[in-house]
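Take a slow walk through this protein chain. Keep the sequence beside you as you read.

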Amino acid sequence: MAFDSYSAGQNSGSRESTVDFEALNTYVVETADLQERTVMVGVVSSIIDLGNQIQEDAAVKWDGSEEDEEAEIAKNPGTYFEDMRDPQTKKMQRMKRWPVKPTQCITIAVDFPDIMLQKGQFFGDADAPARPLRMYLGGQFYLTNDKVQVVGRPTPLRETKNSKDQWSFNKKHICYKMASAAKLVDASKDEVFKPKDIDKLLGQAFQFEVQVYFNEKGYYTEDIKFQGGLGRGQKPPEGEVKQSLIQFNQPNDEVELKELRSHVKNTIKRASNYEGSKIQAQLEKIETAYKNNKSSEESADEPEQEEKKPEKKVTSKPKTTPKVPRTLDEELDSDLPF
């Protein structure tokens with residue numbers, strides 16, 4: 001099944017939780033034993049469509065005069081010019097900029113079967129099977145105003161024309177680099193690799209630089225960076241890796257949707273084409289079922305009350321137990337259903 005490529009203020013809400021996040025995070029850090037940056041072999045386990053995401057305005061170097069700028073603005077009214085730091089040279093540079101339409105983006109999940117985790121014990125399911133450490137490319141970013149975490153750097157499915165005047169991912173694109181490393185395409189021949197082909201990356205093994213640690217502020221942190229293909233003599237990790245393709249406008253496996261990390265779901269919900277999509281209907285169905293089940297469990301736990309005679313009204317304001325604010329560790333949690 002090919003990947004469904006197309007052209008182009010929500011949050012997940014808060015919830016009460018009894019999970020011991022400190023113990024969970026400590027368990028993961030100690031079990032993974034990746035406090036220092038380490039190169040490991042991981043397997044692409046899932047590719048998730050994040051929908052059409054807002055893009056930063058385009059920026060290219062500009063060496064023209066003020067008159068040239070005025071002429072360019074008159075020709076293309078959406079264009080503007082700005083002095084900003086060049087990401088390559090780190091020096092201030094005059095840039096020509098213009099708005100970019102929202103673009104279909106993805107994130108890629110990578111499993112490390114050499115590191116098995118039994119997280120179920122922290123969620124009341126001690127008999128749950130152990131699963132490989134899973135990390136997502138693109139990192140995580142905390143939106144202070146919305147108080148949710150999202151994918152820090154979603155991967156845009158943007159094509160350019162190659163030397164043969166064919167539309168394809170640029171050779172510097174992460175998907176093209178992976179395809180080349182897996183020998184799906186020959187980069188020396190400028191072979192084409194398109195968005196519809198990215199499902200071919202599922203199950204492929206690559207080298208990644210990874211780190212799982214508590215940062216200087218004490219927050220649980222994961223870092224992952226693609227390094228390249230397997231070296232001579234290297235083999236993919238043993239053990240089966242479950243693969244999945246999560247798409248916006250195609251029916252998805254509900255179990256796979258339930259297991260998506262919260263920062264990925266939050267990003268999906270911020271897509272400009274989320275409203276009315278098939279994935280919206282599926283996620284809302286799952287969330288409604290979870291809330292209904294939670295309400296049923298809470299009702300069942302409430303003891304039956306004996307009928308009492310009416311008592312005199314109390315005029316003083318009753319004492320209330322203040323809600324404990326959620327810590328950032330809890331906001332960063334990625335294993336609860338939503």
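Strands β6 (131-136) and β13 (220-228) each supply at least two residues of the lining of the second largest cavity. Strands (E, at least two residues) and helices (H or I, at least four) are DSSP runs, numbered from the N terminus. This is a predicted model, in which local features need pLDDT of at least 70 and side-chain atom pairs count only at pLDDT 80 or more, while totals for chains, interfaces and linings use all residues. Residues are numbered from 1 along each chain as its sequence is written, and side-chain values use heavy atoms, with hydrogens and water left out.

Start with that cavity. On a 1 Å grid over the protein atoms alone, a cavity is a set of points where a 1.4 Å probe fits but cannot get out, and lining residues have an atom within 4 Å of a point. Volume is the space filled by probe spheres set on the points, with grid points joined across faces, edges and corners. The second largest cavity has a volume of about 60 Å³. Its lining is made of Met 135, Tyr 136, Gly 139, Gln 140, Glu 222, Ile 224, Arg 261 and His 263. Three of these lining residues are nonpolar, three are polar and two are charged. Here Ala, Val, Leu, Ile, Met, Phe, Trp, Tyr, Cys and Pro count as nonpolar, Asp, Glu, Lys and Arg as charged, and the others, Gly among them, as polar.

Now look at Gln 140, one of the lining residues. Gln 140 is in strand β7 (residues 140-143). Is Gln 140 buried, partly exposed or exposed? Gln 140 counts as partly exposed because its relative accessibility is 32%. The scale is this: buried means under 20% relative accessible area, exposed means over 50%, and partly exposed lies in between (1.4 Å probe, protein chains only).

Arg 134 is in strand β6. At 22% relative accessibility, Arg 134 is also partly exposed. Which residues does Arg 134 contact, leaving aside its neighbours within four places in sequence? They are Ser 45, Ala 109, Val 110, Asp 111, Glu 222, Lys 242 and Arg 261. Contact means heavy atoms within 4.5 Å. Two of these partners, Glu 222 and Arg 261, also line the cavity. Arg 134 and Arg 261 are 127 residues apart along the chain, and their C-alpha atoms are separated by 9.9 Å.

Next comes helix α5 (residues 262-269). Eight of its eight residues are buried, so the helix is largely enclosed by the rest of the structure. Among them are His 263, Val 264, Lys 265 and Ile 268.

Turn to the nonpolar cores. A nonpolar core is a set of buried Ala, Val, Leu, Ile, Met, Phe, Trp, Tyr and Cys residues joined through side-chain atoms within 4.5 Å. The largest has 40 residues, and Ile 47, Phe 112, Leu 133, Met 178, Phe 193, Ile 198 and Phe 208 touch the most other members. Two or more residues come from each of α1 (21-32), β1 (38-53), β5 (103-117), β6, α3 (174-181), β12 (205-214) and β13. Strand β5 gives the most, with six residues. A second, separate core of 18 residues includes Val 151, Ile 246, Leu 257 and Leu 260.

Follow Ile 198 into its surroundings. Not counting residues up to four places away in sequence, Ile 198 touches Phe 3, Ile 47, Ile 106, Leu 157, Phe 169, Cys 175 and Phe 193. Cys 175 is buried, with a relative accessible area of 0%. Cys 105 is buried too, at 1%. How many disulfides are there? The count is zero, where a disulfide is a pair of cysteine sulfur atoms within 2.5 Å.

Finish in the loops. Lys 194 lies between α3 and β12. Lys 194 is partly exposed, at 24% relative accessibility, and it touches Glu 159, Trp 167 and Phe 169 beyond residues up to four places away in sequence. Lys 183 is found in the loop between α3 and β12. Lys 183 is exposed, at 73%, and its phi is near 60°, a positive value. Most residues other than glycine have a negative phi. Lys 90, in the loop between β3 (80-85) and β4 (92-98), has a positive phi near 65°.

Conventions. 1 Å grid on protein atoms, 1.4 Å probe; cavity = no way out; pocket = protein on both sides within 12 Å on 5 of 7 lines; lining within 4 Å.
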